[in-house]
Amino acid sequence: MVVLEVRLLGPIELVVDGRVVPLTASKVRALLALLSLEAGTPVDADVLADRLWYGNPPATAGSVLRTYVSQLRRALPEGRLQRTDHGYVLRLEPEELDVKRLEVAVGRANARGASPVQIAELLREALSLWRGPPARELCDDDRSVAEAARLDSLRLAALEAWADASLELGHHESVATDLVNAVHDQPLREQLVARLMLALYRCGRQAEALAVYERLRRALLDELGLDPAPDLQRLQARILEQDPALEAPEREPGNLPNPVTSFVGREPQVQQLVELLSSHRLVTLTGAGGSGKSRLALETARTLDIPVDGAWLVELASRSEPSEVAAAV
C-alpha cells in the first residue's frame, strides 16, 4: 500500500512512501496545493488557471495547465488525480494532508471532556506539523493569502491552548522555552505574552517575566498608541506582588486512568512484576487478547513508587507508522 502525504504547512511538499518527490516547477507545486485544499471536490480548469496566474492567465493557459496536470499526475500514486466533467479532482484521505491533521487535532483538543494530558499531547503533535509559513508559493493569490492567515491563526490558537494545558500540568519550563520564539515572531499577541510571563514566573524568572511585559508595553505604545489589556496589566501587578495564586496547581503525577472495576486475585502477579522492574529497564507482558495484560500493567504501575513525574500510559494502538511511536512517547 502506497503511503501518501501532502505538506502545505511550510514549503509545499509531496511525500510518497516516506520520500519527498521533487516537483521542480513552482506552478506544479501550486497546483498540488490548490487541489489539496479542495481535495475530493472537482475544480474547474478555468478556476485553476485564474488562480495559478493570479487572475491574468495567458492565452496558452489551457495547454500549459494540462502539462502541469500531467506532471503532477505522474508524481502521484495512480488514480489520485482525475479529470471529471466538472474539472480536476485530487483524491486524498484527511490524514494524508497536514492541514486536515492540524484541524482535526485542534478539534479533538477542544472537545468537551478532554484532559490536560490529552490536550497537551494532541496539540504538541499537531504543532510539530508546522514547518513555516503555509503554502508560500501561493502568497500572491488573495484566496491563498486568506487561507494562510487562517492557518496561522489556527496554529497560534493551538499554541496557546497547548500552553494552558502544559501550565496546568506543571510543565512551565517547556512552555517558557517554546513561547520565547513565538512571542518574538508575534510581539503584539497579548495572550501569548501572558502565557510566557506566567511560565517564566513559575520557573523563578520573575525579572524576565516583567521584562517581557515591558517590551510588549513599549511595542504597543510605539506602534498602536495603546496600553496592554487590563488583564495583562493585572498579571504584571500580581507578579510584582508575588501573588501565591500564580503558583502552579498541585497535581497528581502521571496520567494513569482511574479504575472503574475492582482488581482481585492477581496480587502475586503484580508483586512479580514489581520485582522484575526493580532489576530490568523493560518488562513485556505477553498473552492472548483479552487476558488482562493492560489491566495488570496499570495496576503494577499504580503500585510502583515513581518519583517526580509518576507513571505514564502511552497508547500506541492508533499509531500506524513506526515513526509515530517516538512522538507519542
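Guide: A charge sits over a ring if NZ of Lys or CZ of Arg is within 6 Å of the ring centre and within 35 degrees of the ring normal. The model is predicted, so local features need pLDDT of at least 70 and side-chain atom pairs pLDDT 80 or more, while totals for chains, interfaces and linings use all residues. Residues are numbered from 1 along each chain as its sequence is written, and side-chain values use heavy atoms, leaving out hydrogens and water.

Visitor: Which residue lies over the face of Y88?

Guide: Two arginines come up under this rule. R155 is placed over the face of W130, 4.7 Å from the ring centre. For Y88, at 4.6 Å from the ring centre, the residue is R83.

Visitor: What is the angle between the planes of W53 and Y68?

Guide: Rings of Phe, Tyr and Trp (its six-membered ring) pair if their centres lie within 6.5 Å; planes under 30 degrees apart are stacked, over 60 edge-to-face, and the rest tilted. The count is 1 aromatic pair. W53 and Y68 form this stacked pair, with centres 6.3 Å apart and planes at an angle of 25°.

Visitor: How many residues apart are W53 and Y68?

Guide: Helices (H or I, at least four residues) and strands (E, at least two) are DSSP runs numbered from the N terminus. W53 sits in the loop between α2 (45–52) and α3 (61–75), and Y68 in helix α3. The pair thus joins distant parts of the chain, with a separation in residues of 15.

Visitor: Is W53 buried or exposed?

Guide: Buried means under 20% relative accessible area, exposed over 50%, and partly exposed in between, with a 1.4 Å probe and protein chains only. Y68 has 16% and falls in the buried class. Because the relative accessible area of W53 is 17%, W53 is buried.

Visitor: What is the phi of Y54?

Guide: Most residues other than glycine have a negative phi. D17, in the loop between β2 (13–16) and β3 (19–21), is not a glycine, yet its phi is positive at about 55°. Y54 lies in the loop between α2 and α3 and is partly exposed at 41% relative accessibility. Its phi is also positive, near 55°.

Visitor: Which residues does L35 contact, beyond its neighbours within four places in sequence?

Guide: L35 belongs to helix α1 (residues 26–37). With 1% relative accessibility, L35 is buried. Contact means heavy atoms within 4.5 Å. Neighbours within four places aside, the partners of L35 are V43, L48, L72, L81, Y88 and L90.

Visitor: What is the volume of the second largest pocket?

Guide: On a 1 Å grid over the protein atoms alone, a pocket is an open set of points where a 1.4 Å probe fits, with protein on both sides within 12 Å along at least five of seven lines; lining residues have an atom within 4 Å of a point. Grid points are joined across faces, edges and corners, and the volume is the space filled by probe spheres set on them. For the second largest pocket, this comes to about 890 Å³.

Visitor: Which residues are closest to the centre of the second largest pocket?

Guide: Its lining divides into 17 nonpolar (Ala, Val, Leu, Ile, Met, Phe, Trp, Tyr, Cys and Pro), 4 polar (the others, Gly among them) and 3 charged (Asp, Glu, Lys and Arg) residues. Of the 24 lining residues, the closest to the centre are V283, A297, A301, W312 and L313.

Visitor: Which helix gives the most residues to that lining?

Guide: At least two lining residues come from each of α11 (267–279) and α12 (293–303). With 6 residues, the helix that gives the most is α12.

Visitor: Which helix do the buried residues of α12 pack against?

Guide: In α12 the buried residues are L296, L298, E299, T300 and A301. T300 is buried at 3% relative accessibility. Beyond neighbours within four places, T300 contacts V270, L273, V274 and L277. The buried residues of α12 pack against α11.

Visitor: How far apart in space are L276 and E241?

Guide: L276 is in helix α11 and is partly exposed, with a relative accessible area of 33%. L276 and E241 are 35 residues apart in sequence, and their C-alpha to C-alpha distance is 50 Å.
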